Amino acid sequence: MTARSVLDRPTIDPVRIAAGPPKIIDCHVHLAAFPDGRNGCHISRRMLHSPLFRFLMWKHDLKVANPNSSNQKYVDQLRAELARSQYIGKAILLGMDGVYSRGGELDWARRIS
């Protein structure tokens, strides 16, 4: 083996191999919370009764009647899912939000009811 053939071989980083492939950042993860009277959250009746929202409540065993524990359970399950993920290392959380006026005020008349 010549010095040239050794230099032409790609280097192998054993630390990189052990760590696995680099994880990506999921830049579109929605976060919602049930209103508890203190957190300022609101979920419209239309959203609460939508098939997607009802599926998510069933999947995560969330109860509207118990907002504090359901909100914490949702966050705990989201964190656990992220920790288990093979490909995603971080997530950017986007709040489920309303429609705002040009002045930055929440426009309750234009929200999804």
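**Salt bridges in a predicted model**

Asp-61 and Lys-73 form a salt bridge, their closest N and O atoms lying 3.2 Å apart; the term denotes a side-chain nitrogen of Lys or Arg within 4 Å of a carboxyl oxygen of Asp or Glu. The model is predicted, so local features need pLDDT of at least 70 and side-chain atom pairs count only at pLDDT 80 or more, whereas totals for chains, interfaces and linings use all residues. Residues are numbered from 1 along each chain as its sequence is written, and side-chain values use heavy atoms, with hydrogens and water left out.

**Exercise 1.** Determine which parts of the structure the pair Asp-61 and Lys-73 ties together.

*Solution.* Step 1: Asp-61 lies in the loop between helix 4 (51-60) and helix 5 (67-84); helices are DSSP runs of H or I, at least four residues, numbered from the N terminus. Step 2: Lys-73 belongs to helix 5, so the pair joins parts 12 residues apart in sequence.

**Exercise 2.** Identify the network of salt bridges that contains Asp-61.

*Solution.* Step 1: Asp-61 also meets Lys-63 in a salt bridge (2.8 Å, N to O). Step 3: Asp-61 is partly exposed at 41% relative accessible area, where buried means under 20%, exposed over 50% and partly exposed in between (1.4 Å probe, protein chains only). Lys-63 is partly exposed at 45%, as is Lys-73 at 29%.

**Exercise 3.** Classify the accessibility of Arg-38 and Asp-36.

*Solution.* Step 1: the side chains of these residues, Arg-38 and Asp-36, form a salt bridge (3.7 Å, N to O). Step 2: Arg-38 is exposed at 66%, while Asp-36 is partly exposed at 21%.

Notes. Helices (H or I, at least four residues) and strands (E, at least two) are DSSP runs, numbered from the N terminus.
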